[in-house]
Amino acid sequence: MTFLTSDSRLFHLNAVVKPEWIDEYGHLNMAYYVLICDYATAAFWDRMNEPVTLEERDGAEYAVVETHVNYMDELRVHAPVVVTTQALAADTKRFRIFHSLSHAEEGYLAATNEVMALGFNLNTRAMMEFVPRARTRLQETVRAHSAIERHVNAGRAIGQPRKR
């Protein structure tokens, strides 16, 4: 299965599958798909705050409160991967993004990861509204990404059809 990820409006993160991420079956352990996507979430958040760095944000960050992962294909050691991130929604305290993790050379989609995050203050350890700069950038990004087709897995819930 191929999912086109070349839209320049999307955010991209490149990585390489490390040997220590490989499980006993010879492919990327499921936890590391999430780790790679977590790196993409952090990179996305940094972009929402540019040019202000983590050290300058005075604790105004985010906390992931929900994720949904779909595993489609395996990745092996040293595989180059690219994660594309699409902003799906944002308000004053929440954002929802969708990651597509693909093999960077062969182009197949290996996993998707949908993430819900809340504004979080690291100093007070409490939820907070996003600072104006990040909130504005989030809303602009959601608007820009709304014109991009969403993957069928976006918004998908876990389900098990009832036997008839």
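This briefing describes the fold, the surface and selected residues of one protein. The structure is a predicted model in which local features need pLDDT of at least 70 and side-chain atom pairs count only at pLDDT 80 or more, while totals for chains, interfaces and linings use all residues. Residues are numbered from 1 along each chain as its sequence is written, and side-chain values use heavy atoms, with hydrogens and water left out.

**Overall fold**

- The protein contains two helices and six strands, with helices (H or I, at least four residues) and strands (E, at least two) taken as DSSP runs numbered from the N terminus.
- Read from the N terminus, the order of elements is β-α-β-β-β-β-β-α.
- The radius of gyration, taken over C-alpha atoms, is 17 Å, close to the 15 Å that the globule rule gives for 164 residues, so the protein is as compact as a globular protein of that length. The globule rule is 2.2 Å times the number of residues to the power 0.38.
- The C-alpha trace spans about 45 × 45 × 30 Å along its principal axes.
- Of the contacts (heavy atoms within 4.5 Å) between residues at least 6 apart in sequence, 70% join residues at least 24 apart.

**Burial and surface**

- Buried residues account for 41% of the 164 residues; buried means under 20% relative accessible area, exposed over 50%, and partly exposed in between, with a 1.4 Å probe and protein chains only.
- The accessible surface comes to about 9500 Å², of which carbon and sulfur atoms hold 51%; areas come from the Shrake-Rupley method with a 1.4 Å probe.

**Glu 114**

- Glu 114 belongs to strand β5 (residues 109–121) and counts as buried because its relative accessibility is 9%.
- A polar atom of the Glu 114 side chain lies 2.6 Å from the backbone nitrogen of Gly 155.
- Beyond its neighbours within four places in sequence, Glu 114 is in contact with residues including Glu 66, His 68, Arg 96, Phe 98, Asn 153 and Arg 156.

**Backbone features in loops**

- The peptide bond from Glu 50 to Pro 51 is cis, with omega near 5°, and Pro 51 is placed in the loop between α1 (30–49) and β2 (60–71).
- Asp 58, also in the loop between α1 and β2, has a positive phi of about 50° although it is not a glycine. Asp 58 counts as exposed because its relative accessibility is 61%.
- His 78 lies in the loop between β2 and β3 (80–90), and its phi is positive, near 70°, in a residue other than glycine. At 51% relative accessibility, His 78 counts as exposed.

Methods
Polar contact = N/O pair within 3.5 Å; in protein donor to acceptor, adjacent residues only side chain to side chain.
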